[in-house]
Amino acid sequence: MATVSRVVNNNPNVKPQTRKKVFEAIERLGYRPNAVARGLASKKTTTVGVVIPDISNSIFSEVARGIEDIANMYHYNIILCNADKKKEKEIRVINTLLEKQVDGLLFMGGVITDEHIQAFKTSSVPVVLCATADEQRKIPSVDIDHEQAAYDAVVHLINQGHRDIAMISGHLQDPANGYARYQGYKKALEEAGIPVRDEYVRVGNYRYESGLEVTKYFLTLDPKPSAIFAANDEMAIGAIHTLQDQQVKVPDDVSVISVDNIRMASMVRPQLTTVAQPMYDIGAVAMRLLTKLMNKETKDSPELAQVVLPHELIHRNSVAHR
């Protein structure tokens with residue numbers, strides 16, 4: 001057993017002839033090392049748990065790709081769990097992953113509640129928030145400045161001469177896609193001396209269908225908005241399609257802008273002007289930060305491990321000068 005262990009773990013203290021015999025036996029018997037037993041002995045499973053809010057959303061799949069590539073580079077395996085943006089399921093999945101003795105945890109989600117914080121604090125392994133952050137900034141995180149991203153989008157509309165600017169918001173209880181992006185919208189309008197009108201703000205659910213429905217409502221207003229800022233691309237694409245269905249030209253009659261830069265943003269016509277989140281980089285940097293915490297490579301306290309990546313306004317064809 002000791003000789004086989006040395007061969008499997010690439011220990012140099014094995015004669016070449018013995019190593020050859022062991023490998024021949026491994027191949028003949030179809031032997032695979034017992035990862036569970038190895039984990040019990042080393043107290044490491046080389047496995048990382050990843051909680052993702054909606055696996056069908058292309059933006060999260062891009063984050064997952066970044067996580068996976070860096071995990072492979074550092075020889076970690078990934079357990080990916082979909083939580084459907086439901087708090088009870090998120091807490092259950094977190095606890096399940098910790099019970100499976102993962103070496104670290106990456107969490108993508110919306111609202112970080114006290115229950116989430118309690119689960120993270122009682123974890124014996126490092127936790128990194130990915131594409132989100134807790135309000136107290138106590139948990140290490142990798143994200144963008146969502147308020148600034150929204151602010152930049154709305155300022156672009158204002159610079160193009162728009163004053164009647166509506167917003168399809170995310171849930172305002174959501175600190176990133178919802179509340180922070182609404183705050184960025186509000187700040188841009190207030191700085192330009194444009195009143196924030198309640199009827200120009202409606203909450204969507206980040207889905208294409210809510211973009212369709214909210215835009216139908218905007219078209220009943222007087223005056224109608226000359227521009228729509230959507231909290232994410234999927235709702236913005238819904239807005240474009242409703243406008244086109246109602247014979248409203250985009251961007252000649254109504255401009256549309258959003259945040260995220262999913263692949264579909266460049267496929268819709270007109271192509272969508274949007275603020276790009278570096279989603280692959282967010283996943284990659286979050287995984288690298290987690291490897292540092294797992295291997296105790298960083299002396300920073302968790303409060304200092306708050307990484308904010310840059311965003312970029314991508315100019316396309318859905319915004320016109322007023």
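Is Ala131 buried or exposed? Keep that question while you set up the view. This is a predicted model, in which local features need pLDDT of at least 70, side-chain atom pairs count only at pLDDT 80 or more, and totals for chains, interfaces and linings use all residues. Residues are numbered from 1 along each chain as its sequence is written, and side-chain values use heavy atoms, with hydrogens and water left out.

**Stop 1**

Select Ala131. This residue is buried, with a relative accessible area of 13%. Buried means under 20% relative accessible area, exposed means over 50%, and partly exposed is in between, using a 1.4 Å probe and protein chains only. Ala131 sits in the loop between S4 and S5. Its phi is near 65 degrees, which is positive although the residue is not glycine.

Now select Arg137, which lies in the loop between S4 and S5. Phi of Arg137 is near 55 degrees, again a positive value in a residue other than glycine. Arg137 counts as partly exposed, at 43% relative accessibility. Most residues other than glycine have a negative phi, and most peptide bonds are trans.

**Stop 2: the open sheet**

Show the strands next. Strands (E, at least two residues) and helices (H or I, at least four) are DSSP runs, numbered from the N terminus. An open sheet is formed by 6 strands in the order S2-S1-S3-S4-S5-S11, with parallel pairing. Two strands pair if DSSP finds at least two bridges between them. Strand S2 (77-82) and strand S11 (306-308) are the edge strands, each pairing on one side only. From one strand to the next, the twist averages 15 degrees.

Zoom in on S4 (residues 127-130) and S5 (residues 141-143), which run parallel and are joined by 2 bridges. Select Leu129: its bridge partner in S5 is Ser141.

**Stop 3: strand S1**

Select residues 47-52, which make up strand S1. How many of its 6 residues are buried? The count is 6 of the 6, so S1 is largely enclosed by the rest of the structure. Both faces are covered: Thr47, Gly49 and Val51 are buried on one side, and Val48, Val50 and Ile52 on the other. S1 pairs with S2 in the parallel sense over 6 bridges.

**Stop 4: helices H9 and H10**

Select H9 (residues 208-218) and H10 (residues 233-245). These helices pack at an angle of about 45 degrees, with their axes 7 Å apart. Axes are lines fitted to C-alpha atoms, for helices over the stretch in contact, and angles run from 0 to 180 degrees between N-to-C directions. H9 and H10 are therefore oblique to each other; angles under 35 degrees count as roughly parallel, over 145 as roughly antiparallel, 65 to 115 as roughly perpendicular, and the rest as oblique.

The contact (heavy atoms within 4.5 Å) includes Tyr208, Leu212 and Lys216 of H9, and Glu234, Ile237 and His241 of H10.

**Stop 5: two cis peptide bonds**

Select Val250 and Pro251. The peptide bond between them is cis, with omega near 10 degrees. Pro251 is in the loop between H10 and strand S9 (255-260).

Finish at Arg269 and Pro270, which are joined by a cis peptide bond with omega about 0 degrees. Pro270 is in the loop between S9 and strand S10 (273-276).
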